[in-house]
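Hi,

Here is the structure I promised to pass on.

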Amino acid sequence: MIALPCEATAGSHLLPTGRRSSQSTATPETFDPTAKFERRKQKEKEKEIKTVMGYAQLVIGPAGSGKSTYCSSLFQHCETTGRTIHIVNLDPAAENFDYPVAIDIRELISLDDVMEEYGLGPNGALMFCMEHLEENLDEWLSEELENYMEDDYLIFDCPGQIELFSHVPALKNFVEHLQRKNFNVCAVYLLDSQFITDVTKFISGCMSSLSAMIQLELPHVNILSKMDLVTRKRDIEDYLTPEPTTLLSELNQRMGPQFQKLNKALIDLVDEYSMVSFVPLDLRKESSIQYVLSQIDNCIQYGEDADVKIKDFDEDEDQD
Ligand SMILES: Nc1nc2c(ncn2[C@@H]2O[C@H](COP(=O)(O)OP(=O)(O)OP(=O)(O)O)[C@@H](O)[C@H]2O)c(=O)[nH]1
């Protein structure tokens with residue numbers, strides 16, 4: 001999708017009524033055609049829409065939340081629907097992939113090499129690798145991205161270390177680099193539905209997602225993964241789009257009276273950032289994957305101009 005700058009309409013100077021500006025009844029003190037033309041040009045410049053080079057999902061979330069499985073299922077879904085996506089591995093510790101890897105950070109740096117060379121543990125080595133990536137954005141990443149063309153859609157499968165999307169700047173700088181290359185990027189935050197067993201865990205999940213939202217400053221979609229493992233759907237439904245007042249009363253019931261003010265502040269925060277919204281994802285159902293994808297596409301304005309061909313899936317065909 002390429003948005004072209006508005007066509008310049010210099011010379012016509014039409015007033016809202018359709019009269020030429022020379023016919024204006026404005027007094028000589030107030031009417032200055034040159035200034036008006038300049039103002040108009042300035043406005044058109046401001047309205048000029050940036051040319052979009054590509055689209056990207058940054059798949060983040062705690063370790064084991066299902067990021068790689070999501071990427072692989074998305075790849076299969078897109079293959080079935082005749083849509084092309086490219087998956088990028090950003091985890092230097094990853095070993096096996098269920099999807100074809102389009103770009104692989106391990107070609108730049110390998111976790112094992114760093115651990116061996118610098119005597120670091122897995123976590124320290126991972127941070128080292130991400131900082132190395134950050135230092136090589138112009139060299140390595142830019143070169144890799146040259147293989148992709150306008151309108152290409154990239155999915156970045158990220159490592160699960162929580163510090164990467166809370167305070168370590170490597171991922172933030174990575175995202176800014178993508179944006180400089182004119183990628184429309186959306187953060188896709190996965191939270192394991194198995195983790196949400198009560199309101200305190202739900203709030204803790206929201207806080208972790210919120211810190212990613214604040215750190216990355218991206219359009220953000222929250223996904224509740226592994227819905228196939230949820231046996232009592234009703235328990236989890238309460239957390240998909242819950243009422244802030246219900247959450248607060250549940251929190252107050254579970255915690256001592258000294259926490260009431262804190263509980264109120266937390267719920268207000270979650271509510272203010274519109275965080276109380278998770279899209280459930282059941283990978284057994286094509287309709288569920290398609291719905292999640294459409295939510296993300298909407299966030300990054302993918303397909304607004306393009307004629308995307310997506311097969312219709314009948315919900316009845318999906319297993320329950
Ligand atoms: N039943 C079920 N299991 C899942 C689903 N998604 C992931 N898993 C399992 O959860 C485990 C972790 O999944 P991954 O996709 O490796 O999670 P990840 O977030 O990429 O993990 P890290 O790379 O460690 O950050 C694996 O054993 C998956 O098979 C799902 O939707 N349903």
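Predicted model: local features only at pLDDT ≥ 70, side-chain atom pairs only at ≥ 80, totals over all residues.

Residues are numbered from 1 along each chain as its sequence is written, and side-chain values use heavy atoms, with hydrogens and water left out.

Charged pairs first. Searching the whole structure turns up 9 salt bridges (a side-chain nitrogen of Lys or Arg within 4 Å of a carboxyl oxygen of Asp or Glu). One of them joins Asp192 and Lys226, at 3.1 Å from N to O. That pair links distant parts of the chain, 34 residues apart: Asp192 is in strand β5 (residues 183-192), and Lys226 is in the loop between β6 (220-225) and α8 (233-237). Strands here are DSSP runs of E with at least two residues, helices are runs of H or I with at least four, and both are numbered from the N terminus. Asp192 is buried at 16% relative accessibility, whereas Lys226 is partly exposed at 26%. (Buried is under 20% relative accessible area, exposed over 50%, partly exposed in between, with a 1.4 Å probe and protein chains only.)

Lys264 and Asp268 also form a salt bridge, with their closest N and O atoms 2.8 Å apart. These two are about one helical turn from each other, because they sit 4 residues apart in helix α10 (residues 260-272). There is also a salt-bridge network that links Lys172, Glu176 and Glu217.

Now the rings. The structure has 9 aromatic pairs (Phe, Tyr or Trp rings, the six-membered one for Trp, with centres within 6.5 Å; planes under 30 degrees apart are stacked, over 60 edge-to-face, the rest tilted). Phe202 and Tyr239 are stacked, with centres 5.0 Å apart and planes at 25 degrees. Phe202 lies in helix α7 (residues 199-216) and Tyr239 in the loop between α8 and α9 (244-254), so this pair ties together parts 37 residues apart in sequence. Both Phe202 and Tyr239 are buried. Phe202 also pairs edge-to-face with Phe278, at 5.6 Å between centres and 65 degrees between planes.

Elsewhere, ring pairs join Tyr55, Tyr153 and Tyr302 into a cluster. Arg83 lies over the face of Tyr153, 4.8 Å from the ring centre (the cut-offs are NZ of Lys or CZ of Arg within 6 Å of the ring centre and within 35 degrees of the ring normal).

Cheers
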